Amino acid sequence: MKTLGQITVLFCGGLLLFFTSDFPDFGDANSPASLHLSPYFIENTLKDTAVPNVVTAILADYRGYDTMFETTVILTAGLACFLLLRIPKREVKSRYYLHEPTGVTLRFEGDKYPQKSDVFKRIDSNWVPYDLIINFTCRLLIHFIQIFALYVVAHGHYSPGGGFQGGVVLGASVILFAISGNLRAAIKRFGEKTAALFSAAGVFIYAGTGALCMMIGEHFLNYNFLSPLLGTDRIMARSHGIFIVEIGVAVTVMAVMIWIYYNLSSAGKQDEGL
Amino acid sequence: MEQILSFIAAKANYWAYVILLMVGLYAMIVKNNLVKKIVGMVIFQTAVILFYVSIGYKTGGTIPIIIYGDGHNSIIEPAAKAVDYINPLPHVLMLTAIVVGVATLGVALALAIKVYQEYGTLEEDEINKKIRA
C-alpha cells in the first residue's frame, strides 16, 4: 500500500509539475482568469451597487444564489453534526463536585447529587484547577473580539470583511469562552436551542430578503425592488440589501461554528467537554 | 541565467501548490489513521485554495476595493480600471470555500468520533479486521 501510494503521488505530482509550464506567469495581468468576467466587475460594481468592495458586491449580489446555497450548506453541516453525534439524555454514572470552602473533590454516584448551593460546584471528570492568567486574559479579550467581529460584519462594504469572516470571529469568541472556562458555562450563555434557532434564522433572513424582492418586484434576490421599503434610490437599495444578507450569513456561520464545537468537544453529550 | 531565474519566479508558486497537494494526497492514500487522513484532506484543500487565490494576482495591482469609492472624498473619483485591481473572482469563490471547508471538516470529525465509538479504534486496518470478524 505504501509503495503504491508513493508511486501514485510521484506520478500525479510529476504530471502536474510538468504541465505548470503551460500555466500563465505569476502576476500576469493578461492571464485568462482575469480577462473575461473580472474587468466587468471591477469597472461596474460601483455604478451598479454603490459598494466599493468588489468582493462583497460579487458575493452577495452578482453571485447571490451561490452564497445563499453556501449558507445552506453550512446549516446542513451543523445539522449533520447534531444528528450524528447528539445523545439526547443519558444516564450519567457519576459526577464530581468541588466543595469550595475546603477544596475537597467529591464523587457522587447514582442520582444523589447535592442541591444547587454556593458551596458545591460541579466540575468535569478530567478537571484541572483553573489557570488565573488564562481565565483573566480570555475574559478581557472576548469583548474586544466580539466588537471587532461586529466591525468586520458592518464594514464589509468598505474594507476587507463581511458576513462569513465576522461570523467566524463571533463564533470563535464563544468557543474561546468555552475553552477557557468550561462547556457548561458556555452552554448556559449560548444554549443549544439558541444555536439551532440562529443557524436557521440566518438562512431565513437571506432567503426571506430574496422572497421579499420577489413579492415587491419580480426577481428573486434583486435588491433594486427594496428601494420603496428602505426609502433610498435603487442603487443604494442594492447596497443595503447586501448588508441585510451579510447579517444573515454572519448569524448562520456564528451559530453553526458554536454548535459544531459543542457537539464535537463533548462527543454529543454536551455535559462535559474540552 | 536570467531566463532561468525569471522562469522560476513565474512558476514557483505552482510548484509550491503541487508539493502541498501531493503531501495531502499522500496522507489521504497511505496513512492508516482516520484523523491523519482528514488532516491530509485539509492540506489538499488548502493547496487548492492557495492556487485559486494566486491566479487572481496581478503585478502592481491592489486589493479589489475601489479607491475613493466610499463617496466621502471631495476628489471626483476616476473610473476604476481593471489593471489596477487584482481579480476579485477567485477571492469570492475561496472565501465561501474556506468557511464551508471548516463546516465539512466538522462533519468529518463527527464521523470519526462515531467510528471510534463503534469500533474503539481509528486505525483503518483494525476497523477492517473488526468488520470482517
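Predicted model: local features only at pLDDT ≥ 70, side-chain atom pairs only at ≥ 80, totals over all residues.
Me: What makes chain B more spread out than a compact globule?

Reply: The globule rule gives 14 Å for 133 residues, while the radius of gyration of chain B is 22 Å; this is well over the rule, so chain B is more spread out than a compact globule. The box filled by its C-alpha atoms is roughly 75 × 50 × 15 Å along the principal axes. Chain B has 4 helices and 0 strands, in the pattern α-α-α-α along the sequence. Buried residues make up 22% of the chain.

Me: How does the radius of gyration of chain A stand against that of a compact globule?

Reply: Chain A has 25 Å, whereas a compact globule of 274 residues would have a value near 19 Å. The C-alpha trace of chain A spans about 70 × 65 × 35 Å along its principal axes. Of its 274 residues, 35% count as buried. Among contacts in chain A between residues at least 6 apart in sequence, 65% join residues at least 24 apart.

Me: Which elements does chain A contain, and in what order do they run?

Reply: Chain A holds 10 helices and 3 strands. From the N terminus on, the elements follow α-α-α-α-β-β-β-α-α-α-α-α-α.

Me: Why are S2(A) and S3(A) called edge strands?

Reply: The open sheet of 3 strands in chain A has the order S2-S1-S3, with antiparallel pairing. Strand S2 (104-109) and strand S3 (120-123) each pair on one side only, and these are the edge strands. From one strand to the next, the twist averages 35°.

Me: How do you know that S1(A) and S2(A) count as paired?

Reply: Pairing requires at least two bridges between two strands, and 6 bridges join strand S1 (residues 94-99) to S2(A), the two running antiparallel. Tyr96(A) has Arg107(A) as its bridge partner in S2(A), and Tyr97(A) stands opposite Leu106(A). The two strands form a hairpin with 4 residues between them, and Gly103(A) in the turn has a positive phi of about 80°.

Me: Why is S2(A) said to lie largely in the open?

Reply: A residue is buried if 20 or more other C-beta atoms lie within 10 Å of its own. Of the 6 residues of S2(A), the number that are buried is 0, so the strand lies largely in the open.

Me: Why are H3(A) and H10(A) called roughly perpendicular?

Reply: These helices pack at an angle of about 80°, with their axes 9 Å apart. Angles of 65 to 115 degrees count as roughly perpendicular, and H3(A) and H10(A) are therefore given that description. Thr56(A), Ala57(A), Ala60(A) and Asp61(A) in H3(A) meet Arg238(A), Ile242(A), Val245(A) and Glu246(A) in H10(A). By class, this contact has 4 nonpolar, 1 polar and 3 charged residues.

Me: How many residues does each chain give to the contact between chains A and B, and which element of chain A gives the most?

Reply: The contact takes 55 residues from chain A and 47 residues from chain B. Elements of chain A that give two or more residues include helix H1 (2-19), helix H4 (64-85) and helix H10 (234-265). H4(A) gives the most, with 10 residues. The residues on the side of chain A that touches chain B divide into 35 nonpolar, 15 polar and 5 charged.

Definitions and conventions:
Residues numbered from 1 in each chain as written. Chains lettered and ligands numbered in written order. Axes fitted to C-alpha atoms, helices over the stretch in contact; angles between N-to-C directions. Contact = placed C-beta atoms within 7 Å. Nonpolar A, V, L, I, M, F, W, Y, C, P; charged D, E, K, R; others polar. Rg over C-alpha atoms; globule rule 2.2 N^0.38 Å. Buried ≥ 20, exposed ≤ 12 C-beta atoms within 10 Å, placed from the backbone. Parallel < 35°, antiparallel > 145°, perpendicular 65-115°, else oblique.
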